[in-house]
Amino acid sequence: MKKNTILILSLLLVFSFALSACGGGQESQTEGKNPSQVAEETYHWRFVTEELDGQVQYEYAQEFAKRLNEKSNGRITMDVFEFGGLGSEVDQVEQLQSRIIEFAIVSPGFTGTMVKEGQVFALHFLFPDDLKKAQDILNTSEALNTDLAALYEEHNIKPLAFWTEGAMQWTSNDVALRTPDDFKNFKMRTQTSPLILESYKAYGADPTSMSWGELYTALDRGTVQGQENPIFFIEDASFHEVQEYMTISQHNIYVAMTTVNPTFYNNLPEDIRQMIDETVIEMQDWIFEEQTRQNNALLGNIEKDTEHPTEIITLTEEQRAAFKEKALQVREYYTNNVSTVDGKILKKLIKEIEADK
Ligand code: 6CS
């Protein structure tokens, strides 16, 4: 692998234990202080991501921390953590819920057993193919930013923003994925949300969920034959090195959430909350450009990698339609078997997407 993930993860683990022992968070309390003292308040927070230095989530968190530091004239400082220091993606969510950390970037693909409605992002061919339009929906959707966000808050997770890390593509060994039939008994790696597994069962695949920390080895050893991710991640995590094919399928967009512990957030002074909210808005365009830049640049790296050649197949609209047809039954499954609100959030989201066309 390009990065020595194991070494990084071990170092981060040691570091994170040291940090939890030291404590963190707000340096002092505002209660009982006059306004001039409150103005001097300083804050030290932790922001954990599911990715490594240089990757999209980590770059987001670094930029977010930098902007907050500038806005607050140095009163707010943040430690940004790479993936692995606090355990798996699911462990990180638990740390956020129990306020061991204040901020986290969370992929809904790891919260599906808890917030069932959040699995709406597992549905293939739901968002517009035009990524800019998809991001606009993520920015403005009431179904997501109000209704779905409220369901996350019931679980002590406050989503501040939903944003895309790019269109997802498939990579594979043994078979180039061009038709639903190619997925027959195909050993597909997914994130942990059960509906993602359902989406691949609809194509006839045999899906297994695992953390991405185990994925390179699983692909290399043939424990799984393929996976889905945006191009930047396929290249940066070196998955292409151990995959024969990459199918440009654009079957879904990768969605990440900027989240905060709600109790912590609600107890912050108004001006500090405002700085956070402003930064979240500013980051929408910034991260869209960053993911575009990384996805474009790293596609070039995969194409140029003659040491580890990967055959790239681009699906035609007709080929995509065959997958879309199968994927529609998963929407029904979501409405009838997964949703706890009779599919209301999905219905509203579909209306919003249609209205934006
Ligand atoms: O495949 C995954 O699980 C990982 N993919 C991305 C783009 N970010 C983090 C996530 O855990």
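Me: Which residues of helix 3 are buried?
Reply: This is a predicted model: local features need pLDDT of at least 70, side-chain atom pairs need 80 or more, and totals for chains, interfaces and linings use all residues. Numbering starts from 1 along each chain as its sequence is written, and side-chain values use heavy atoms, without hydrogens or water. Buried means under 20% relative accessible area, exposed over 50%, partly exposed in between (1.4 Å probe, protein chains only). In helix 3 the buried residues are Val-56, Gln-57, Tyr-58, Tyr-60, Ala-61, Glu-63, Phe-64, Ala-65, Arg-67 and Leu-68.

Me: Which residue just after helix 3 takes a positive phi?
Reply: Look just past the end of the helix. The phi there is about 50°, and the residue is Asn-73.

Me: Is Ser-107 buried or exposed?
Reply: Ser-107 sits in the loop between strand 4 (103–106) and helix 5 (131–140). Its relative accessible area is 1%, so Ser-107 counts as buried.

Me: Which side chain makes a polar contact with the side chain of Ser-107?
Reply: A polar contact is a pair of N or O atoms within 3.5 Å; within protein, one must be able to donate a hydrogen and the other to accept it, and residues adjacent in sequence count only if both atoms are side-chain atoms. Contact in general means heavy atoms within 4.5 Å. Leaving out residues up to four places away in sequence, Ser-107 touches Glu-50, Gln-57, Gln-191, Tyr-254 and Val-255. The polar contact, at 2.6 Å, is with Tyr-254.

Me: How much of the ligand's accessible area does the protein cover?
Reply: An oxygen atom of the ligand is 2.9 Å from a side-chain N or O atom of Asn-229, and another pairing puts a polar side-chain atom of Tyr-254 3.4 Å from a ligand nitrogen. Accessible areas come from the Shrake-Rupley method with a 1.4 Å probe; for residues, only the protein chains shown count as cover. On its own the ligand has 300 Å², and the protein covers 100%.

Me: Why does Thr-192 count as partly exposed?
Reply: Thr-192 lies in the loop between strand 6 (187–190) and helix 7 (194–201). Beyond four places in sequence, Thr-192 touches Val-90, Gly-109, Phe-110, Leu-197 and Ser-209. Thr-192 is partly exposed because its relative accessible area is 28%.

Me: What is the relative accessibility of Asn-296?
Reply: Asn-296 is placed in helix 11 (residues 270–304). Asn-296 counts as exposed, at 54%.

Note on methods: Helices (H or I, at least four residues) and strands (E, at least two) are DSSP runs, numbered from the N terminus.
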